[in-house]
Amino acid sequence: MLLRLLGLATCVLCLWTGATAAQDYPTRAVRVVVPFPAGGSIDIVARSVAQRWSAQLGQNLVIDNRGGAAGAIGTQIVARATPDGYTLLYGNLGPLAIGPLLTPAGYDIFKDFAPVSQVTSAPFVVFASATLPVANAAELIAYAKQHPGKLAYASSGVGSGLHLAAELFQRSAGVKFLHVPFKGMGQAAPEIAAGRVQLAVSTVPGLIAHVRTGRMKGVVSSGTRRSAQLPDVQTCAEAGLPGFCSSAWHAVVVPARTPKPVVAQIHRTLAAALGTRELRDQLLRQEDADVVGSTPTELARFLRAESGRWAKIIKEVGVKAE
């Protein structure tokens with residue numbers, strides 16, 4: 001009987017502590033860890049979101065760029081942070097779905113984090129050098145089959161999201177390209193523009209500048225809608241490649257054991273920020289990204305689905321991290 005009373009008292013104390021934390025939260029600036037260097041697409045989007053989110057939260061959101069190990073270092077920092085709502089992770093497909101499937105990441109996405117919300121979804125696009133005589137997916141597939149083993153594609157590294165998206169396209173199209181990994185698209189772009197490497201799969205912001213200068217062209221998009229910046233490029237469905245339909249995405253998670261009322265407060269304020277037309281228009285125009293704004297339950301379901309999807313591709317292709 002005494003043990004039951006003690007257990008009940010503990011539960012009541014936990015509920016009271018969580019409710020009190022939510023009432024007081026936040027009383028100081030909140031750190032948002034972006035597990036990649038400053039200046040990249042995810043950093044730009046995170047800062048745009050934080051600008052409007054901080055107004056809803058009532059405190060400053062401080063972006064803390066912690067790059068390294070394909071996002072694993074920054075993600076580990078948040079996994080080990082005090083679960084009080086003052087350290088959040090603004091992550092993406094790499095460290096939240098793909099990375100842990102390839103190497104020991106130092107964290108378990110499903111045990112060490114509590115989901116908050118998916119933030120954005122953006123299409124991958126197959127880009128080709130202007131020197132390659134193809135204009136769409138059908139022509140690229142035909143050319144690849146006529147020249148087996150002759151086409152090379154760049155990625156931002158073995159096991160990266162861009163590498164696996166390219167593998168997804170090849171599986172869907174029934175073709176095989178030669179993989180040439182780089183440290184990033186910044187290094188790969190001059191090689192593609194010169195025609196020394198013929199292809200790359202990237203999000204739109206990564207290579208759109210080279211399309212505008214006429215050195216590259218978009219061939220097909222993995223999105224459900226046509227790209228706002230590449231309106232002449234067919235979607236995967238329009239090109240008859242449903243297996244290529246996928247997306248790059250961003251999401252916010254917090255350390256596991258963060259009090260549920262605090263998670264609810266974080267979600268509520270983030271959802272309000274994502275609901276502003278100004279932010280939606282800005283991200284579509286600048287990053288070709290759609291705002292999502294899911295619930296914690298929906299994000300948990302989405303993360304498991306994405307982990308399963310990419311695990312299957314990694315196994316079928318035999319990708320091994322270097």
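1. A quick definition to start: two strands count as paired if DSSP finds at least two bridges between them. Please keep in mind that this is a predicted model.

2. With that in hand, look at strand 5 (residues 124-129) and strand 9, which run antiparallel and are joined by five bridges. Within this pairing, Val125 sits opposite Ser221 of strand 9. On to strand 10 (residues 234-235): it runs parallel to strand 9, with two bridges between them. Here Val220 has Gln234 of strand 10 as its bridge partner. Strand 9 (residues 216-221) is mostly covered, with five of its six residues buried.

3. Helix 6 deserves a look too. Its 13 residues (161-173) should span 18 Å at 1.5 Å a residue, and the end C-alpha atoms are 18 Å apart, so the two agree. Eleven of those 13 residues are buried, and the helix is therefore largely enclosed by the rest of the structure. Among the buried ones are Leu162, His163, Glu167, Phe169 and Ala173. Just past the helix, Gly174 adopts a positive phi of about 75°.

4. Now for the packing. The largest nonpolar core holds 69 residues, and Val126, Leu140, Phe169, Phe177, Leu199 and Phe244 have the most contacts inside it. Helix 6 is the biggest contributor to this core, giving seven residues. Another core, of 31 residues, lies apart from it and includes Tyr25, Ala46, Val119 and Leu270.

Conventions:
Residues are numbered from 1 along each chain as its sequence is written. This is a predicted model: local features need pLDDT of at least 70, side-chain atom pairs count only at pLDDT 80 or more; totals for chains, interfaces and linings use all residues. Side-chain values use heavy atoms; hydrogens and water are left out. Helices (H or I, at least four residues) and strands (E, at least two) are DSSP runs, numbered from the N terminus. The expected span of a helix is 1.5 Å times one less than its number of residues. Buried means under 20% relative accessible area, exposed over 50%, partly exposed in between (1.4 Å probe, protein chains only). A nonpolar core is a set of buried Ala, Val, Leu, Ile, Met, Phe, Trp, Tyr and Cys residues joined through side-chain atoms within 4.5 Å.
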